[in-house]
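Me: I would like to go through a protein structure by asking about it step by step. Can we start once it is on the page?

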Amino acid sequence: MAVFDTPEEAFGVLRPVCVQLTKVQTVENVEHLQTQLQAVGDAALQELQQYVLFPLRFALKTPGPKRERLIQSVVECLTFVLSSTCVREQELLQELFSELSACLYSPSSQKPAAVSEELKLAVIQGLSTLMHSAYRDIILSFYEPPILPRLGFAVSLLLGLAEQEKSKQIKIAALQCLQVLLLQCDCQDHPRPMFELEQQQHLGDLLASFLPGISTALTRVLTGDFKQGHSIVVSSLKVFYKTVGFIMADEQLTRMPKARAKPAVEHRVAALMIHRETDWVKSTGDKLTILIKKIIECVSVHPHWKARLELVELVEVLLLKCSQSLVECTGSLLKVLVGLVNDESPEVRAQCNTVLRRFAEQKVVVGSRALADILSESLHALATSLPRLMNTQDDQGKFSTLSLLLGYLKLLGPKVHVILNSVAHVQRLSRALVQVLELEVADVKMVEERRWNSDSLSASPEASDARPWSRVQRRYFHCFTDERVFLLLRQICQLLGYYGDLYLLVDHFMELYHASVVYRKQAAMILNELVIGAAGLDIEDIHNKRTSIGPEELREIVKSILEEYTSQENWYLITCIEAEEGEEMTMKQHGLQAITSGAHTCQVVPFPALSKPSPTICSMNSNIWQICIQLEGIGQFAYALGKDFRLLLMSALYPVLEKAGDQTLLISQVATSTMVDICHACGYDSVQHLINENSDYLVNGISLNLRHLALHPHTPKVLEVMLRNSDASLLPLVADVVQDVLATLDQFYDKRAASFVSVLHALLAALVHWFPDADSTGQLQQSDLEEGRQTPAACEASTTAEDIEQFVLSYLKEKDVAEGNVSDLETEEEEQSSTPKVDENDTLPDVEPPLPVHIQIAKDVMERCIHLASDKNLKIRLKILDVLGLCVVVLQFHKNQLLPLAHRAWPSLVHRLTSDDPLAVLRAFKVLQTLGSRCGDFLRSRFCKDVLPKLASSLTSQAPISARAGPVYSHTLAFKLQLAVLQGLGPLCESLDLGEGDLNKVADACLIYLSTKQPVKLQEAARSVFLHLMKVDPDSTWLVLHELCCPVQQFTAPHPSLHPVQLQAATEQQNPFATNVLYLLQKLQ
Amino acid sequence: MAAPFPPPPGPRFVLRGTQSPVNTLHFCPASQALGNPLLFSGSQSGLVHIWSLQTRRTVAALNGHKGQGVTWLKTLPQGHQLLSQGRDLRLCLWDLAEGRNTIMDTVQLDSVGFCKSSVLARGQLCWMLAVPGKGSDEVQILEMPSKTSVCTLKPEADAKPGMPMCLGLWQTNSSPRPLLLAGYEDGSVTLWDILERKVCSRIACHEEPVMGLDFDSQKAKGVSGSAGKVLAVWSLDGQQSLQVYKTHELTNPGIAEVTIRPDHKILATAGWDHRIRVFHWRTMKPLAVLAFHSASVYCVAFATDGLLAAGSKDQRISIWSLYPCS
């Protein structure tokens, strides 16, 4: 809308208005002028500046009382003119400055005139605009000593406004104006005048006079009303640090000439001038320090993040510019920074971090001894008070205290190395850390939780992509409950490890670790973190300067810690009360030292059963935690070393695996996750892979420890775990260690059989698993046979006379053979079968080929089983029977080995079957089944002679009991035994290919169980027996069943020449056998 | 309840995986290993295994003897070369530098006996080799690597010492005259002067064949073990004549190898009774009987840092660390 671009046009328009205003000074006229002015272009206005200003200034200067409203509009109009023009004359600037400031002057009081808020605002803005519109040269000459009184007046005016006004708007405006006045403006539309050093120095000298006033007034503003808006705080802080940062800048002060230049001004003004010499700097610095501390105290806890952000700014500016002049308050300034690093607002955190990083880059701390000293002193003081603070503060307080500690360490960076060389520092720090990290160990549940199923390591690697500590077990500390505090502590330790001298620290904490049980857990935790830190993983290094130690050295350190962790007295601690068949007794002996030297003050829960000083729940908990922490440590070491850790596996894997089989749930869980950590660190796909690849190390440990079984009672467990997780490729190694195992077993068969038996079980299970081909082919053959047997039955759909004739003929022939009239047919067969044998003998002279390794192992094991099958301990007997079954499975195709062994095992097996605990009978029967299915012929007569009568009679005698029994019966052992026998008898009869007489015995014994009075399960099992009997001898089964219950009145013979047959079994519906028999007969057809 | 004595020490670790009895062992000298100490083992199945003592695993298996047992292994001073003697009547020189595992050269042997060869460095690139010779009682001396025959040492016609069983080439620090100690089937140890091709001295210190000997040139004393029960220590005086210095009666007969530790402090024997025996070399005081193996021990070897390795028929190599080198 700028229509009047040339001065002439503009003049034409403005002249009448200006004249009018000069004559009559009213608000309307001023507003009229302002409206006209808006239509004038900037360039034109600049030409007419003086002309336009005249009526306005005239209005201000006219003596006599004026209406505020008028002054306000005049000032606003003036401001408008100034905002679109420049002030080019020194005089004009000075005059305008005085005139504007005078508007707020009240001659009566020291305070600003009691005028309306609008006017105040207008004047403040006018001043601000004036300073902005002044030319650079003019500004320079403006700030000369003679102006001091007037400037001082304006400054104090603005300060007064900022301090005492109610209106937030005015306060902020005043503060901003002050900033402009002090030439520290940072607004964008006016490029900040850039002064040369000389000029800056000059300005600094001039403005130094105002420093005391400004700083104290601002401090009052800042610390005054806690509830004042954050924008006021932000602006005040800005003015404060800009002013202080300018006047106290090291850059200026160092260049300060010694002698004071004689100012060429009148005496009164000269008295106001200040020469910033050393003494002045010192005293001002001291005073400022007090003020700054007050400000920090107040603002660092300001609820609004912008205020805290500005405080960070303040710290940055002051530390960067005035680190020497304000050396006294560097400590507090750094503390702010360090404390706010973990601020809850992300902006503040980010800013803090950038500032810290900048400091590090510019080596503010590292480069200057003074700062480093201050920091290390603060650190020392903090470490000293830390234990007290940790006891008294709440979690939030602890959090901020520890944040501070962390911040100091971060800031000190490489200097930490130097600081930690001081024994006092290390001791304070370590004492504090150890105290804070004290664990709560009174939880009873931990000891109670047991791992019962000893199945495979169920570690799922997918859950483990996270870094080790994300899965660290939740632990409970004496001093705090907040998880964040723990995280902070870890970071602190890691930082120590990263910057500090690892050798020194490890030595120190190792010493603590040795010193007492009380410190052991904490020391271990700290050691773990130190190593992680030393590896430089996940460390936020703001100095980008690594003084890291080489991987070789780190490995050596880790190795030594590892040795300590896994040493006899630190690894084998008591974690449970009940001795496992006396096995743990020896272990207790060792753990005892650890316990008795402990000084736990928690309540003592004595166990009267044990005569010797019994471990308390507390101490056991403590032991559990210690083991867990050490296990975790191993995982963390692996993480720290990465693939390098592979070299330590030879010593680390065995102990971890040992703990993976521990009875305490927590320990075994932690050990398992440690293995997963190791897998990740060393690049193995799974725990199985890890164990498989490193079983040579394990075997080494196992075989050496087996030699001293009393000292290493857990060795068999490790072997067990290893066997479960490895594959057939390890057979040579396994064979080697199995020899050791068997030798040790022979030596200790009376004391430690239990643990060995489970190893043997694992071994044989592994063999069965590794060599499944043998098993599967066996089943294949069997099923083939079954099919072959079924086909002819299926073909007999229609019967002709020829069939019958054929049947009778063959029957007669068979009967002949059975009666001993052996035809030459059989001898022929024999000859045929003997011929290939001769061939074999030719190719293989009397030397037998060496047996496959696994067969040899199974053979050796089975031999031991024969001996151990009559052990006194029922558990062992049961386990041995299982092993025996597995041996049979492995050996099934090596009849030459199996049969002699089976022969030797038989008497013992029979003994188990006939006169042992029902549980043992049950297992023994299972073995019998396996044996029967693998070497049927061999067993037939023995079975019929030794076992069958006993089984049949027990079945018969139990039948009435089970028929009468209630629903609870199905939970009794007797029932289970009946069920097992009935279920197993069928397949057994089939595989043993029993003769007719024996089959009848079986059928007789089982018939009773077809009654519907029997429990349903037994009925089912009995039916299965008959289904099997049908396969062996369908005809006699058919007959037996029909004798029991006959659904058909009369049978018509297949050929008219034969008589119809009638059976005399009861047919009525009350027959308890009817249902089952009918079902079976249906199957038979 | 706790055992009054600590349990007897076990081996530091055991190397498994030769899958065949271990006939001979040799530590790679530290100067050549460079932070990764190696151990060579020769097995009855004809393989030479290279073990890293750091990872305790095989680094490589050298197959150069056609499945015939390897009886002797030795590294050459000029780095990364290994000599292996096999029962396929060949002596192979392996190049092991930079991970190469290739045969550089072979020497055909004529004796089918069990006698181990011996090597003596003579200058930077040449060395002398003593191998069992063509005649059953001869020892042949070769100049290597040219393979030129220096001489054949044949005992005098009436001596009839039987086959040489073990050889030891050495020379004193003062004179460059190479000497050879040879143990014979009849239980005698003979000192040969190679340049003059004559017997310097001969003592009959065993009644059974000498199975192994070792010589300490500093103390001018040597030790030999035989198939019998006696361990004999003999010394060499200024006139180069051997004298029996001391004998030691063992509980069980049969020593497969005797080795003195490089620092001349202790010596170890490989016993057919499955045991390794350790003696104080100066006093011959028995120090330890190491029982670990479950079959005859065939060989013992010392590393420069004092580590002891023993190989056995039970296919294991046990590594022991005892009486640290001072």
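What follows is a set of questions and answers on this predicted model.

Me: How many helices and strands are there in chain A?
Reply: Chain A is made of 1085 residues. Its secondary structure comprises 0 strands, and the number of helices is 51.

Me: What share of the residues in chain A is buried?
Reply: A residue counts as buried when its relative accessible area is under 20%. Among the 1085 residues in chain A, the buried share is 52%.

Me: At which residue does α4(A) bend?
Reply: Helix α4 of chain A covers residues 49-61, which is 13 residues. From first C-alpha to last it reaches 18 Å, close to the expected 18 Å. There is still a bend of about 25° in α4(A), and it is at A:Pro55.

Me: Is A:Pro55 buried or exposed?
Reply: Several residues in α4(A) are shielded, and what covers them includes α1, α2, α3, α5 and α6 of chain A. The residues of α4(A) that are covered include A:Leu53, A:Leu56 and A:Leu60. A:Pro55 is on that list too, so by the cut-off of under 20% relative accessible area A:Pro55 is buried.

Me: How many residues apart in sequence are the parts that the pair of A:Tyr513 and A:Tyr565 ties together?
Reply: The structure holds 11 aromatic pairs over all chains. In one of them, A:Tyr513 and A:Tyr565 are 5.9 Å apart centre to centre with 40° between the planes, a tilted pair. A:Tyr513 lies in helix α26 and A:Tyr565 in helix α28, so the parts tied together are 52 residues apart.

Me: Is A:Tyr513 buried or exposed?
Reply: The relative accessibility of A:Tyr513 is 0%. By its own value, A:Tyr513 is buried.

Me: Which residues have the most contacts inside the largest nonpolar core?
Reply: In soluble globular proteins, nonpolar side chains tend to be buried together. The largest nonpolar core here has 341 residues. Apart from it lies another core of 18 residues, including B:Val14 and B:Phe302. In the largest core, the residues with the most contacts are A:Phe645 and A:Phe943.

Me: Which residue lies over the face of B:Phe13?
Reply: Chain B has charged side chains placed over rings, including B:Lys221, which lies over the face of B:Trp281 at 4.9 Å from the ring centre. Over B:Phe13, at 4.0 Å from the ring centre, the residue is B:Arg56.

Terms used
Residues are numbered from 1 along each chain as its sequence is written. Chains are lettered from A and ligands numbered from 1 in the order in which they are written. This is a predicted model: local features need pLDDT of at least 70, side-chain atom pairs count only at pLDDT 80 or more; totals for chains, interfaces and linings use all residues. Side-chain values use heavy atoms; hydrogens and water are left out. Rings of Phe, Tyr and Trp (its six-membered ring) pair if their centres lie within 6.5 Å; planes under 30 degrees apart count as stacked, over 60 as edge-to-face and the rest as tilted. Helices (H or I, at least four residues) and strands (E, at least two) are DSSP runs, numbered from the N terminus. Buried means under 20% relative accessible area, exposed over 50%, partly exposed in between (1.4 Å probe, protein chains only). A charge sits over a ring if NZ of Lys or CZ of Arg is within 6 Å of the ring centre and within 35 degrees of the ring normal. The expected span of a helix is 1.5 Å times one less than its number of residues. The bend at a residue is the angle between axes fitted to the seven residues ending there and the seven starting there. Contact means heavy atoms within 4.5 Å. A nonpolar core is a set of buried Ala, Val, Leu, Ile, Met, Phe, Trp, Tyr and Cys residues joined through side-chain atoms within 4.5 Å.
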